[in-house]
Each structure stands twice: as C-alpha cells, then as structure tokens.
Protein chains: 2
Amino acid sequence: MCSLNLTAQDEDALFIQKIHEHILAEGRSYEWLSQLCTGYPGRIAGSPQDSGASRFMLDLLQRIGTDTSYLQQTETNYWYRGDIEEAYQVLPDGSLNKLNAIALGGSGATPDRGMTAQILEIQSLDELEKLNDEDVTGKIVFFNRPMDPAQIRTFRAYGGAVDQRVYGPATASKKGAVAAIVRSMTLKKDDIPHTGVTVFADSIAKIPAFGISTNDADKLSKQLKENAVYVYLRNNPADMGLRPTWNVVGEIKGYEKPEEILLVGGHLDSWDVGQGAHDDGSGCIQSVEVLSALKLLGYKPKRTLRAVMFANEENGLAGGRAYARISGEKGEFHLAAIESDAGGFSPRGFSFEADTAVFKNYYRAVTQWLPVLESYGLQFEMGGSGADIGPLKYQKGLLIGLRPDSQRYFDYHHTAADTIDAVNERELKLGAAAMASLIYLIDKYGLN
Amino acid sequence: MCSLNLTAQDEDALFIQKIHEHILAEGRSYEWLSQLCTGYPGRIAGSPQDSGASRFMLDLLQRIGTDTSYLQQTETNYWYRGDIEEAYQVLPDGSLNKLNAIALGGSGATPDRGMTAQILEIQSLDELEKLNDEDVTGKIVFFNRPMDPAQIRTFRAYGGAVDQRVYGPATASKKGAVAAIVRSMTLKKDDIPHTGVTVFADSIAKIPAFGISTNDADKLSKQLKENAVYVYLRNNPADMGLRPTWNVVGEIKGYEKPEEILLVGGHLDSWDVGQGAHDDGSGCIQSVEVLSALKLLGYKPKRTLRAVMFANEENGLAGGRAYARISGEKGEFHLAAIESDAGGFSPRGFSFEADTAVFKNYYRAVTQWLPVLESYGLQFEMGGSGADIGPLKYQKGLLIGLRPDSQRYFDYHHTAADTIDAVNERELKLGAAAMASLIYLIDKYGLN
C-alpha cells in the first residue's frame with residue numbers, strides 16, 4: 001500500500017495543473033469562438049447578429065451541461081451604420097483622395113448629398129474649448145492627439161487619448177463644427193480605421209463623426225502645415241430606436257453555499273465591423289470554457305458558478321446595469337466576479353477591486369494563492385476589473401479583471417481586423433485556464 | 001534652486017523608463033527587421049542570402065555609430081534544398097494526394113524519379129530501435145509523436161518531441177528504411193510543414209527526410225488504422241560543401257573597464273524558407289537596437305558593449321564556436337552575454353546560467369534588480385541561455401537568455417510563415433528594451 005500525503009498547496013497545484021492540461025489539450029474554446037465569430041460577426045447591440053449570438057451562446061451553455069441557463073432581456077438604442085460611408089480628401093484641383101475612415105458609433109448622418117468642409121486640427125478638448133466659435137463654425141474638427149507609444153500598458157495609452165473620440169464630436173458640435181474626424185485609437189501606423197462610441201447629449205446636434213486611420217491622420221496633419229485641407233464626407237447612419245438585447249446566463253449550482261455566486265463573464269456585443277473576436281467574443285467563450293472545464297474535470301463547486309455574457313457593453317452598458325439591478329432584486333450576493341474584456345491574449349495576471357470596506361481582506365486572501373499562480377506567469381495587482389461587472393460593486397464582493405498581454409490589443413480593437421484569425425488558440429485557452437484556476441481557489445477557500 | 005536627491009534605485013528606474021520610452025516611440029528595430037527579412041529571406045548558412053545579410057548587418061552596425069564593426073569569417077557545410085520537392089500519398093487506385101511536406105535540413109535526396117514506399121508509424125526512437133530490421137527495411141518511417149500541448153512552456157514541448165526530427169531519420173536509415181517523414185514540430189493543427197536540422201553520422205546512409213504538416217500527419221495516422229499507406233517522395237537536395245559564413249560584430253568601447261565585455265546577440269542565419277523573422281532576425285535586430293538606444297540616449301558604458309549576429313546556428317553552430325574560440329585566443333572576458341533566440345514576442349523575463357563556481361554570486365547580484373524590472377512584467381529564472389553564447393561558458397561570465405512569451409513561437413518556427421508580418425512591432429521593441437535595461441544595470445554595477 002502506498003499512502004500519499006498531499007498538503008493543501010500540493011493539491012491545489014495539482015488541480016490547477018489539471019485545469020491547464022485539460023483546457024490546452026482538450027478545451028474547445030477556440031472552436032466555439034470561431035463559430036461565434038463566423039456565425040455572428042458584427043454583433044452590435046440590438047442587431048439581428050446580436051440576437052443570433054445570444055441564442056448561440058444559450059445553446060452552447062446548455063450543451064456544456066450547465067444546471068440552468070437563460071436569457072435576461074433588456075433594451076438599448078440600436079445604432080445602424082447605414083449603407084453609405086464615404087470619406088475623401090478634396091484636392092485643390094477638385095480630385096478626390098479616399099480616406100480610410102469609419103463612422104463612430106452613435107454619430108449622425110451627413111446631408112444626403114454629403115458635405116465638404118475645411119478641417120481644423122486639434123490636439124485636445126481643452127484646446128477646442130478655448131477657440132472662438134466663429135473659428136470652428138462650419139468646419140470639420142480633426143482630433144489628432146496620438147496614443148502615447150511610451151506607455152507599456154496600452155490601455156493606459158488608450159485612456160489618455162480616447163476622450164477625443166468619446167466627447168470630441170459633441171464638443172465640436174457645440175462650437176458649431178459640421179462634422180468631426182478622429183485619429184484612430186491605436187499605436188500602430190496603418191490604414192485601418194477604428195470605430196467606437198461617441199456620445200452626444202440630447203441637447204447637442206448629432207453631427208457626422210468618423211475615425212480615420214493613423215496613416216491618413218498623419219498625412220492630413222502634414223498637409224495642414226502647408227495648406228488648408230478640405231474633406232468630403234457622406235454617410236447615412238441612423239438611430240433605430242429601442243431594441244431588445246440579452247444577457248446570456250448559465251450556472252452550475254454550488255452544493256455548500258449556493259447563495260454565494262462566483263461569476264465569470266465577458267460581453268457578447270461587439271462593434272458592427274469585424275467579428276468581435278478579441279472584443280469580446282474571447283471573454284465570453286473563455287467564461288464558457290471555465291464552467292465546461294471544471295465540469296468535465298468532475299469538480300463539484302461549493303459555491304454557484306455562473307457564466308454571464310453581458311449585452312451592450314460597447315454603447316450603453318444596458319446589460320451590465322440590468323444584470324446588477326435584477327441581481328439586487330433577487331437579493332443575490334456575488335462573492336467574486338471575473339471579467340475578461342482585454343482580448344484573448346497570453347494572460348499576465350489579474351487586477352482586483354472592491355468596496356474599500358472589504359478590499360484589504362479580500363486582497364490578503366487572494367495573495368496567499370499567488371505562489372501557485374505565479375508559476376503560470378500570473379501576477380496580481382490592484383486596479384480596475386471590467387465595465388460589465390462594475391455595477392455589481394454595491395454587493396461588496398471582489399471584482400476581478402483578467403489582464404492579458406496588452407501589446408496587440410489596439411491593433412484590432414473596434415476594427416474590421418478583429419477576427420478569429422487574430423486570436424491565437426493557446427493564448428485564448430491560457431486565459432480561460434487562468435480564470436478557472438482562480439475560480440477554483442476562491443470556491444474552495446472563500447475570501448476570508 | 002532645486003536640489004533633486006535621487007536614490008540610485010530611482011535613477012535606475014528613471015533611466016530604464018527612458019530606455020523603454022525611446023525604443024517604443026523612436027526605436028527603428030521593426031523597420032530594420034523588415035529590411036532584413038524582405039531583403040535577405042531564407043538566410044541558410046553558406047547561401048548567397050546569408051552573405052548578403054551579413055553585409056546588411058555590418059552596414060547597419062556602422063550606421064548606428066558603433067566604434068568598431070567587423071565580419072568574423074568561419075565556414076560551414078551549405079545544404080541546398082534543390083529545385084524539386086514533391087510528397088504525395090499514393091491511393092490504392094494509383095491517384096495521388098498532395099502532402100504538405102518540406103525536406104529537413106541535412107537530409108538526402110530521392111532517386112531522380114522519386115520513390116514510393118509503405119509508411120510505418122512510430123512514436124519514439126526507442127520503439128523504432130526495438131523493431132526487427134526486416135520490419136523497417138524498404139519502408140518510410142513516419143515519426144508521429146506530437147508535442148505535448150499541456151506544457152505551458154512551448155519550448156519544453158519542443159524539447160520533448162524534437163529528437164524524432166534530429167535523430168529519427170538516421171535511426172530509420174540504420175534500420176534499413178528508405179526515407180523518413182516527421183510530424184511537424186508545432187502545437188498547431190494546420191497545413192504548414194516545418195523544417196529543421198536532421199543529423200546523419202558519416203557512417204550512415206543519408207536518406208530523404210521530410211517534415212509533414214500536423215493535419216497531414218493526423219490524416220495519415222488515421223488511415224493507417226485501416227489500411228497500409230503508401231507515400232511517394234521526390235526531391236534533390238544536395239550538400240554543397242564548405243562555404244564561408246560570417247559572425248557580424250559591432251561594439252561600443254567601455255571607458256572604465258573596456259576589457260569586460262557585455263554581449264547582446266542573436267543568430268543571423270535562418271532556414272531557407274520564410275524570412276527568419278522570429279528565428280532569429282528578431283534577436284539580431286534587437287541587439288542592434290540595444291546599442292543604438294544606449295548611444296542615442298547618451299549613455300557612456302563603463303564596459304564594452306558588443307552586438308554579435310552569430311553565423312550558422314541552425315545547422316552547425318560554426319559561428320558560436322568560432323566566436324568563443326577567437327575570443328579565447330584574444331584573452332577576452334565576457335562578463336555577461338544575453339542571447340535573444342526565442343522570437344520577437346512580448347518579453348516575460350530572463351533565464352540565467354553560468355559555471356557553477358560563479359553562478360550563485362552572479363544570480364544574487366542580478367536579483368537585486370528584479371524590483372525595477374518586475375514593473376515591466378519581467379521575471380528571472382535559472383535555466384538555459386542560448387545556443388550561440390553557450391560556447392562562452394568557459395570564460396565564467398553570466399549567460400542570459402531573453403525569455404519572451406512562447407505561445408506563438410512554434411506556429412512559425414522553421415516555416416514559410418516566419419515572416420515580418422508575424423512580428424508585432426511593440427512586442428519586438430519591448431524585448432529590445434528589456435535587454436537594454438539589463439545591460440545598463442550590469443554595466444553600471446557589475447556582477448558582484
């Protein structure tokens with residue numbers, strides 16, 4: 001006979017190894033993500049693709065053997081790009097140079113026959129606010145402050161530039177501009193234009209607003225040093241009014257503390273171009289893989305494991321808000337929630353946040369597990385978690401963001417290039433394995 | 001007046017930040033790598049591409065303003081793929097199914113009109129050794145043990161399978177096989193065949209040997225469970241005899257201890273397919289970026305900084321051996337050498353090795369710097385460094401390998417897909433910045 005005395009730590013290390021082995025060798029997340037991306041590309045909230053994707057995910061949650069799975073309906077404004085989208089520089093001789101441009105989500109339409117106006121380059125909202133209205137009136141404001149390449153974390157570079165896209169067009173409109181063009185939110189110099197949300201208060205005229213590629217932005221800026229530059233824009237996006245959209249939820253009930261919920265999630269909607277592979281098909285499918293892997297490995301959770309694919313993260317957050325509200329109405333408690341919404345790249349660790357009253361205790365609890373997770377290249381830090389789980393903060397659980405390597409994210413973010421081909425199977429799966437490992441530890445030990 | 005009291009640690013953190021800022025915002029490594037890859041693809045040692053690449057790198061080292069730069073000639077056997085390369089499965093009705101196959105470097109040619117033989121699937125060299133010669137004679141041995149997907153570090157999975165490619169064909173030849181086919185060394189299921197070196201002792205008949213894609217390997221294996229499978233091979237590779245090949249060296253002389261050399265390097269040769277972008281154009285160009293960045297930042301090194309692009313790593317190591325020998329003849333001492341030969345991916349840290357008599361002291365010295373490097377996501381570990389700097393071990397300096405994220409490396413390794421498009425600019429540059437940061441610290445403090 002042979003007796004094996006495993007410490008709890010050895011046991012954890014072994015099980016976490018099993019999770020990785022299973023997901024890397026037998027996980028099906030890449031195949032599922034491929035089905036989601038090719039079957040339901042361009043899943044902007046409220047669109048037919050969005051509703052198709054919801055049914056696909058619900059079916060997938062049933063197929064992997066969750067105890068319960070359901071749709072949670074909410075609604076949001078459906079912004080439709082229309083079928084015309086043209087942007088050209090108008091040269092002095094009247095000839096046209098095509099610009100790589102794409103309308104920003106939520107922006108307005110040009111007149112039917114398009115519009116031509118002089119562009120005015122601006123580096124910041126402040127700079128624009130300080131201009132006299134007459135210097136802006138009738139112009140197309142061109143926001144051209146680049147993301148800072150020296151930021152190691154690309155999300156910080158994004159955070160330092162994205163105000164131009166979100167608030168720039170409305171600010172320009174207030175000052176009398178007829179349209180706005182915004183340098184794409186990427187660190188890459190290329191010809192791919194990036195979309196993303198832009199916000200107009202009800203009181204402000206919704207003007208046309210386009211993202212233009214970084215190469216085109218550099219070209220226009222260079223020409224502006226010599227001459228006035230004119231741009232012709234024509235498009236016909238429209239607000240289609242309120243449409244239903246759905247959170248998709250699947251759960252495995254806990255046997256000991258079913259009232260404590262451990263959530264893994266991502267958001268199911270994407271922009272209407274590309275396939276939403278990294279943003280955020282990856283996070284949704286990784287969340288399914290977490291439940292699937294733990295189930296196939298025969299793990300019986302003490303707490304309730306729940307995978308949630310949130311609706312409408314990109315332009316409204318209706319899904320995340322509805323989920324938190326309904327959860328409150330049911331008197332639920334999410335002990336922890338992990339969101340993956342930073343791409344299906346090689347995982348580097350987790351970021352933790354919670355209500356200040358409880359954060360220290362939680363963080364002390366999780367840091368005990370760092371040694372076993374470090375051997376998978378995972379690090380812990382304090383910081384943000386995810387937009388969709390943010391509204392759960394009032395429940396005073398631990399909110400966690402998966403932090404993958406961020407270097408390539410903005411090469412694809414909000415573009416036609418965010419397709420399944422841009423996702424590496426092993427990187428995607430390692431992210432899922434990291435999430436499953438942390439869920440296992442929280443489930444087993446709680447957060448005390 | 002304002003007096004700024006910086007601790008040494010603050011100073012280091014600031015300078016390392018400057019290194020990163022400079023390389024990410026102004027570094028030219030991606031542009032240089034693109035020139036190397038498109039100008040001199042398929043730089044197998046001894047080829048015209050190899051010699052062209054050497055001149056390109058020498059010119060580049062001069063352009064960045066090294067104090068000295070030179071070629072160091074050595075020689076190696078030049079293996080030439082020939083102009084015929086065909087591999088087909090022969091179906092029972094005589095029709096042919098094309099296989100995605102590529103001859104292994106160093107393998108022999110088929111008869112002029114090709115050869116057809118039954119294939120014999122084998123999982124290990126041991127299994128083959130145990131067979132009776134008559135069961136192998138006249139057959140094509142098919143090595144089909146996959147790399148282990150459950151290994152988090154893909155290089156370990158490679159290490160666990162590559163004996164089949166390196167020694168399999170020779171072992172098969174000894175047992176009377178007429179040829180060998182080897183499952184490609186990758187974790188990906190795709191149609192891309194991988195080449196790489198295979199070794200025949202002089203006494204052993206050099207038989208044809210092909211890498212076949214993992215998809216084809218799986219297909220053949222499946223069919224073998226039902227029926228005998230026949231394969232037709234035809235190719236005409238040839239050993240072209242000894243040819244010159246060159247290490248390319250550039251240095252910036254130290255002002256205080258010029259006799260202590262700090263080396264950064266990679267290998268300039270690649271396989272004859274693809275562009276050798278990750279393997280190992282990246283390592284070469286990153287090494288140039290290290291010297292260039294430190295120079296442009298106005299850093300005056302105490303010790304001599306030397307960038308070395310080694311010759312012939314892939315199939316002979318003539319460059320690394322010659323470099324170490326000549327260095328010994330000159331009485332040189334390499335206090336430290338960093339090799340980057342694991343792809344231009346996001347850096348995860350460094351691996352350290354040295355003669356056991358000195359290793360502990362060195363490792364204690366470098367671990368003092370971990371706090372400042374950790375904030376760039378870099379970790380330290382004991383382990384191998386690099387094939388080309390290995391022969392320097394006798395000098396009892398510290399040998400260091402840059403360790404990038406390894407998940408995607410074997411998607412490209414030794415294939416036509418190892419092109420500049422597979423390299424991400426920021427990931428490449430971050431690797432160079434990591435190397436420059438460590439070189440700065442070693443130069444400033446030594447290793448005591």
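Biologist: Hi! What does helix α3 of chain B lie across?
Modeller: Helix α3 (residues 48–63) of chain B lies across β1, β10 (238–252) and β12 (303–310) of chain B, and α3 runs at about 5° to β10(B). Contact means C-beta atoms, placed from the backbone, within 7 Å. Axes are lines fitted to C-alpha atoms, for helices over the stretch in contact, with angles from 0 to 180 degrees between N-to-C directions. Helices (H or I, at least four residues) and strands (E, at least two) are DSSP runs, numbered from the N terminus.

Biologist: Where does the model come from?
Modeller: It is predicted: local features need pLDDT of at least 70, side-chain atom pairs count only at pLDDT 80 or more, and totals for chains, interfaces and linings use all residues. Residues are numbered from 1 along each chain as its sequence is written, while chains are lettered from A and ligands numbered from 1 in the order in which they are written.

Biologist: Back to the strands. How many form the open sheet in chain B?
Modeller: Eight, in the order β1-β10-β12-β11-β13-β16-β14-β15, with mixed pairing. Strands pair if DSSP finds at least two bridges between them.

Biologist: And which ones stand at the edges?
Modeller: β1 (68–80) and β15 (379–382) of chain B do; each has a single partner strand, so one side of each is left without a neighbour in the sheet.

Biologist: How many bridges join β14 to β15(B)?
Modeller: Four, and β14 (residues 347–353) of chain B runs parallel to β15(B). Phe352(B) stands opposite Met382(B) in β15(B).

Biologist: New topic: how many residues does each chain give to the A–B contact?
Modeller: Chain A gives 19 residues and chain B gives 19 residues. On the side of chain A, α1(A) gives the most, with four residues.

Terms used
Two residues are in contact if their C-beta atoms, placed from the backbone, lie within 7 Å.
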